[in-house]
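This report covers a pocket, the nonpolar cores and the salt bridges of one model. Please keep the sequence and the structure in view while reading.

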Amino acid sequence: MGDKGTDETTATRVQTLRLQLQAASYAYYVLDAPDLPDEVYDRLYRELQDLEATHPELITPDSPTQRVGEKPASQFTSVRHNIPLYSLENAFDLAEFRAWEDRWRRQAPDAGEVEYVAELKIDGNALALTYENGLLVRGVTRGDGTAGEDITPNVRTIRSVPLRLNTDNPPPVVEVRGEAFLPLDVFEQINAERADRDEAPFANPRNAAAGTLRQLDSRIVAARKLDFFAYTVHLEGDQNSKFKISPPETLREQNSKLTSQWNALELLQTLGFRVNPNRQLCQSADDVQAYYDDWATQRLQLSYLTDGVVVKLNDFALQQQLGFTQKFPRWAVALKYPAEEAPTILEAVSFQVGRTGAVTPVAELRPVQLAGTTVARATLHNADRLTELDIHQGDTVIVRKAGEIIPEVVRVLAELRPQDTSKISMPTECPQCGSALVRPDDGAVTRCINISCPAIVQGAIIHWARRDALDIEGLGEKWVKQLVEQGLVHSVADLYGLTEETLEPLDRMGKRLAEKLVGAIAASKTRPWASVLYALGIRHVGAVNAKTLAQHFLTVEALGSASPEAIETVHTIGPEIAQAVYQWFQVPANQTLIDRLHQAGLQLASTESAAAPVAGPLAGKTFVLTGTLPTLTRPEATEIIEAAGGKVTSSVSKATDYLVAGEKAGSKLTKAEGLGIVILTEADLLALVETA
């Protein structure tokens, strides 16, 4: 180190370089007006790198050199959102948009003339970014809306996400929501590189962005060049703070009152975020309709995918008045564009067998461009859909992307059908094992019920090894396929008998990979009971329901011996799930599987104590909520019931004690009346809590 003067000079130079580079990034990514040639930016960046390498004590988290970490993360942790990250209600045409407007106006009849903000709906992945004293401290995925994964190292690599807010006097806490996405040219480049490596291409930019954000190595994320548009800001981290808190003095000069969505977007841009430039402040629903119509074709010329228009009431006070349903804000809607369609030729139909034995017909198509990707396969759903389409070999079919993700055949142009062509129908035997297929009289799904079917075994093992199940690192589809085809595994329990000597002869395995895979399989024995329950692949039991069941039934024996009625008493577990769990444990082969997993040392019991039931005036009573209540949201009503010891379930059954019905109560009310269940209004419920 030099003398004190030299140290001060170096520190000043480092700070100057950071400010210059931050300003250049703001001009490039936010203003779309680059003010530094690339070679000048690169020279300044290298100078900063060199100075920080010589003086590591001067490195700060917001330095442009600190966007990419050197070491991969070992895992992502779950983080609860301070403010729920709600999804949006969808409107699939202008009539549904007008119906949405009618609904919110009934909630706010005195609203009068209002302004809307129309923004293009980016086809990406929602993120929540937290800044403390102006510094980025956390980036979290949407997850289930209540909690997401902390992927901060990956978020830091996104150049359009500022590491420090562009203000000298930031609020103590700022949370910014927005959408991470892959530009189309980057997406095409990534898929070309994957093809060169003989890897499967990503299906669409959204999936590619989601996969990128979940990379444990931030260097991979940086190389894929994700982008980000911000669309919401919350100050101080309080759910209602954006309606109460004004910006600090330095921001107040530029943005006098943070009272509207349009104001918030301007503030976001001032703070250094990229905000979609194609937004519009609309004075009426007619203006929204014109904006929607204008972008129906213009959007196809954009450098990123957009599948609709997000419409928000501009006034924050009105937003607060309207509030939220259980799932959506009442003051916003996603007005979707119709899925793009294209004609092509049906070259063949294949039949896929899934891990539950479901047989799905798949159309093999002459490749066609659709919504930015090449489509060569499309789902035909089930036997009913085959019959409805009356599809024949060689037909010309119309294909679209359902939700712009999954290609499906929507209709057949029978007038173009070739002569002497055969009709496609479901097979009667499993295409994988030759067993007779079955289809229940009341079901749409055709199934193979041979649990030894290679396709079922393969699907079960792939599910077992998933990250959110037993998380067996390295046990990918290609290895599972070889293990099943060579007869080395016939169920997930067989995995725990594999040895390095057994695995090493597999194609492209080798000694080192065999050692790692055996170690990963052994490590999966430590996964908790909830993960094992989910990994078993019981129908209707996803990761959330598995965790709920495991918290209530602390051992596999307790769950396996429970009646459907006992299972259904668990909060959020309805009769369909309860019946599926009960029936799974009645199958002798599944009982044998549990015994083998016990012997292998899997965790089939919880280390936690069961939560004690809440005592209260409604203890032991089961409630179902339906319709829109006058003053309470469903979460608020649920909280009141549970605080009084009651339980809220999603389905009406004989075990239901009360149905709380609001406006537009539907089939649940009809069913409850048929079962003689007591019907309550919101007022009745509140009175019951107070007097019980």
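## Basis

The model is predicted: local features need pLDDT of at least 70, side-chain atom pairs count only at pLDDT 80 or more, and totals for chains, interfaces and linings use all residues. Residues are numbered from 1 along each chain as its sequence is written, and side-chain values use heavy atoms, with hydrogens and water left out.

## The second largest pocket

The second largest pocket holds about 1200 Å³ of space. A pocket is an open set of points on a 1 Å grid over the protein atoms alone, where a 1.4 Å probe fits, with protein on both sides within 12 Å along at least five of seven lines. Its volume is the space filled by probe spheres set on the points, which are joined across faces, edges and corners.

The lining has 41 residues, each with an atom within 4 Å of a point. Arg355, Thr356, Ile451, Trp584 and Asn590 lie nearest the pocket centre. By type, 22 lining residues are nonpolar, 13 polar and six charged. Here Ala, Val, Leu, Ile, Met, Phe, Trp, Tyr, Cys and Pro count as nonpolar, Asp, Glu, Lys and Arg as charged, and the others, Gly among them, as polar.

β18 (446-448), α13 (454-464), α21 (575-586) and α22 (588-600) each supply at least two lining residues. α13 gives the most, with six. Helices (H or I, at least four residues) and strands (E, at least two) are DSSP runs, numbered from the N terminus.

## Nonpolar cores

The largest nonpolar core has 55 residues, and Trp464, Ile472, Leu475, Leu495 and Tyr496 touch the most other members. A core joins buried Ala, Val, Leu, Ile, Met, Phe, Trp, Tyr and Cys residues through side-chain atoms within 4.5 Å. Buried means under 20% relative accessible area, exposed over 50%, partly exposed in between (1.4 Å probe, protein chains only). Elements giving two or more residues to this core include α13, α14 (477-485), α16 (510-523), α21 and α22. α17 provides the largest share, six residues.

Apart from this core lies another, of 38 residues, among them Ile158, Ala180, Ala264 and Phe316. Ala264 sits in helix α9 (residues 261-271), where buried residues also include Leu265, Leu267, Leu268 and Leu271. Gly272 follows α9 and has a positive phi, near 110°.

## A buried loop residue

Thr656 is in the loop between β20 (647-649) and β21 (658-661). At 5% relative accessibility, Thr656 is buried. Leaving aside neighbours within four places in sequence, Thr656 is in contact (heavy atoms within 4.5 Å) with Thr622, Val624, Ser651 and Ile677.

## Salt bridges

The structure holds 27 salt bridges. Each is a side-chain nitrogen of Lys or Arg within 4 Å of a carboxyl oxygen of Asp or Glu. Glu47 and Arg13 meet at 2.8 Å, N to O. Glu47 lies in helix α2 (residues 38-54) and Arg13 in helix α1 (residues 4-30), so the pair ties together parts 34 residues apart in sequence.

Asp494 pairs with Arg596, their closest N and O atoms 2.7 Å apart. This pair links the loop between α14 and α15 (500-503) to helix α22, 102 residues apart. Asp494 is buried at 16% relative accessibility, whereas Arg596 is partly exposed at 33%.

Lys121 bridges to Asp307, with 3.5 Å between the closest N and O atoms. Lys121 is in strand β3 (residues 116-122) and Asp307 in strand β10 (residues 306-313), 186 residues apart. Asp307 is buried, at 1% relative accessibility. Shared partners join Lys121, Asp123, Arg206, Asp307 and Lys336 into one network of salt bridges.
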